[in-house]
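Student: Please show me the structure, and then let us go through its parts by question and answer.

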Amino acid sequence: MKLNINGKVHDVQAEADTPLLWVLREQVGLTGTKYGCGIAQCGACSVHVNGKVQRSCSMPVGSVKATDKIVTIEGLSANASHPVQKAWAAIDVPQCGYCQSGQIMAAVALLAQKPKPSDADIDAAMTNICRCGTYQRIRAAVHLASGSELLGENAEQSPASTAKA
Amino acid sequence: MKMNRRQFIVSTAASGGSLALGLQFPNAAKAQTAAPAGPAGAEVNAWVVVNPDDTCVIRIARSEMGQGTHTGLAQLVVEELECDWNQIKLEFITAGQNLSRKRVWKDMSTGGSRGIRGSQDYLRKGGAAARMMLVQAAANDWKVPVEEITVANGVITHAASGRSTTFGKVAAAAAKLEAPDEKAIKLKDPKAWKVAGKPTKRVDTLPMVDGSKVFAIDVKVPGMLNAAVTACPVFGGKLVSYDDSKAKSMPGVKGVVKVHDNAVAVVADTWWHAKKGLDAVAIKWDEGANGSVTSASIAEHLKKGLTDTSGVYAERAEGDAAAAISGAAKKVEAVYSTPFLHHATMEPMNCTARISADKGEVWVATQNAEGSLAALSEESGLPLPKCEVYRHDLGGGFGRRGGPQDFVRQAVAIAKQFPGTPVKMIWSREEDQAHCYYRPISQCRMVAGLDKDGNLLGMHWRVSGQSINAYMNPAAIKDGNDKRQTQGMWVEPGDAQLGYTFPAFLLEYAQRNTHVPVGPWRGVNTNQNGVYSECFMDEVAKAAGKDPLEFRRQFMSKHPKHLAVLDAVAEKAGWGKPLPAGRFRGIAQFMGYGSYSAAVAEVSVSPKGELKVHRMVLGLNCGHAVNPDQIAAQVQGSVAYGLTATLYGECTIDKGRVKELNFHTYPVMKLAEMPVVETVIVPTYDFWGGVGEPTICVVAPSVLNAIHAATGKPVRSLPLKNVKLA
């Protein structure tokens, strides 16, 4: 089957019930997206499908259409230049880093919907689990990225928000 | 109390400022795993390799699991080496390299909050020795006395003759010199630190924001197969038989194998195929005698330990506590309990192994690479020099990835059955939850005697619970008393001393073990004991009619360091000052890992009993503060880890096995529940304490004490999900 991942079409061999997560990790070799729970509880596997954040561990690859645009952490930007990634680095958000791909994908999707989110918006949207407890810095980094002049500029190029535009 | 210049208030509320255009990553953030130093690089000593282009490679032996230790270790070396912080690379030595060079890099184990404090002496001396050799090489070349030479940022200068050179130019000559006598090495006064002691960005952040960091679970080895595994869910149970007729014909499945005497693994081309195959294997277990154990039967066993007259050991006895209490005008009595807990690292246990006739290799996230090497050697039957452990930074550790190395043993046992083929074993979340070294369960009975004026006459505390050492290290138990289980309540100063001296005090431990495997969990027994000590102190203060802070202060005159941290948080939190309507404060102090911690929590409890933790002020004296920004990060993390335990954390036992097998039944707190955390670091620079674990022990008790203030009722059993607050 064909999958459009990070702007490139991949031909993959997988049974239809295989979760998108494992296709990304084991067939396409994109390991930035993580396995955490397998039941859509933790969000470590978050990717964008047509600009919306999805928990790929619970999305059968058979439900993904060839025309659907999948974006993973690796496809977010070249050189970690997305404003959200820059904000994450500026505030030194990650501790172990395992959940951070998913956290960043969730934050990018939030900011695409609400460029100036309130604390309540962040509370509602950022439901991924971080066991190291980086939540305070995640909140600060979302606010920092939301104030970025780069956000609007980059958002137009970001595959994540093309669906919205 | 005035803050002096050696104290830090790390304010970490949302910055609110806009992100400047053109924000750059700090140069050091580009430092990543360096390729082994090429022939051009000169190894000045074990810790420092200098390349001709002046980059300095710092060798790292300890494990990174999010605590920022690699950055802190590099800061300590660079401080003494006097190289340019922006021109460093880190190189991570393997367990095999350490073994082959007679442990020149010393202890690789990373636990007990020892990463920085356990390495600082030899690392700083290593950096200083390398600097001295580099300077000596320049002095020899110029034929001038070393005393006339200055060095900064990797540049060596002889002002008198106007000459200068760089580390890269003299490194080859320096590497040939004899190392200086250790006694000749003078380390800097921390007051003169320029790199250490400053809030510093981590050197390894970039690969964590672009998905490029390779965790052990991400390892790709050519020709690799994948394994899913399941062990008998009842601890101590055995494998009887399995029917793999269906699984063997499923897509991608290469084999179904027995693992040790208690598990089955399916090996396939992909992990997903392995997992699907495993789900299709019908397995018969012999659950053994433990198959009927429940949480209720365990609780009863521990409860007996609270009053038993045998199998009880006095950890400390000062004065005649029994007499003081029996003659008291007023008695306060309470029984507390805390449950088994799982670490729930975000990265599930995994290990990739390749075993052939003359070589054993594992790729693994480990808190103890040498322990992993030993496990690999024992399990494979290959001698240590034929084994190697390739370390990957951990997707969370919290104590789980240290001691027993069960994940290495299991992966090797599977890979041995596929000689020469690398096999990556990954535990499902369910398997990970079912097989852990859990935080031990315990109860504590506490009695205090007061006179008619509310003065404390004596205390009697007895902890009844499971011993970690009985499970992991029986040799550490002396005369039946596992001292570790009363961690934080000890009389001895320096590591985990109780911050109070009571008029009379009897502290006992009743070792009451279960069949559930137990081990260290971030903060270990300071968690349970912090709750017991600090919540009961509030109960007694209330009975005495005293303010909780003032009540504590009466017993702290011989504990000035405990008191200073308690005072620091009280001041920062505004203890005693008015709060918005409906908000209440709780306070706690405790000690572990050589560091002093205190906290003030601000909470509200709605009429329906809904708890909101608004703000937490945490204080820490860890002696030396190497990277205040990372210390603040660890404190914030300890609040999240400690609050999760307070609110939700509980592994219950039914039919001999753990019931909570994924995050829907073992919840972890989310961002919306995270209070604003303010960190007050008050280093006194006269000792070296830990950072990763110490503050967690004051999180639960400060919150529980605030709840007590809000509702008028003490909470004596965790987690709060089982407690009605209204």
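**Domains and a helix pair**

Tutor: The domain assignment divides chain A into domain 1 (2-75) and domain 2 (83-162). The model is a predicted one.

Student: How many residues does the contact take from domain 2 of chain A?

Tutor: The centres of domain 1 and domain 2 of chain A, taken over C-alpha atoms, are separated by 20 Å. Domain 1 of chain A gives 19 residues to the contact, and the number from domain 2 of chain A is 16.

Student: Which strand supplies the largest share of the side of domain 1 of chain A that touches domain 2 of chain A?

Tutor: At least two residues of that side come from each of strand S3 (46-49), strand S4 (52-55) and strand S5 (69-71) of chain A. By class, the residues of the side are seven nonpolar, nine polar and three charged. The largest share is three residues, and it comes from S3(A).

Student: Why is H3(B) described as roughly perpendicular to H4(B)?

Tutor: Helix H3 (residues 120-142) and helix H4 (residues 167-175) of chain B have axes that come within 8 Å. Angles of 65 to 115 degrees count as roughly perpendicular. H3(B) is therefore roughly perpendicular to H4(B), as their axes cross at roughly 90°.

Student: How many nonpolar residues does the contact of H3(B) with H4(B) have?

Tutor: From H3(B), the residues include B:Met133, B:Leu134 and B:Ala137, and those they meet in H4(B) include B:Phe167, B:Val170 and B:Ala171. B:Gln136 and B:Asp141 of H3(B) also take part. The contact has one polar residue and one charged residue, and its nonpolar residues number nine.

How values were computed
Residues are numbered from 1 along each chain as its sequence is written. Chains are lettered from A and ligands numbered from 1 in the order in which they are written. This is a predicted model: local features need pLDDT of at least 70, side-chain atom pairs count only at pLDDT 80 or more; totals for chains, interfaces and linings use all residues. Domain bounds come from an automatic or database domain assignment. Two residues are in contact if their C-beta atoms, placed from the backbone, lie within 7 Å. Helices (H or I, at least four residues) and strands (E, at least two) are DSSP runs, numbered from the N terminus. Ala, Val, Leu, Ile, Met, Phe, Trp, Tyr, Cys and Pro count as nonpolar, Asp, Glu, Lys and Arg as charged, and the others, Gly among them, as polar. Axes are lines fitted to C-alpha atoms, for helices over the stretch in contact, and angles run from 0 to 180 degrees between N-to-C directions. Angles under 35 degrees count as roughly parallel, over 145 as roughly antiparallel, 65 to 115 as roughly perpendicular and the rest as oblique.
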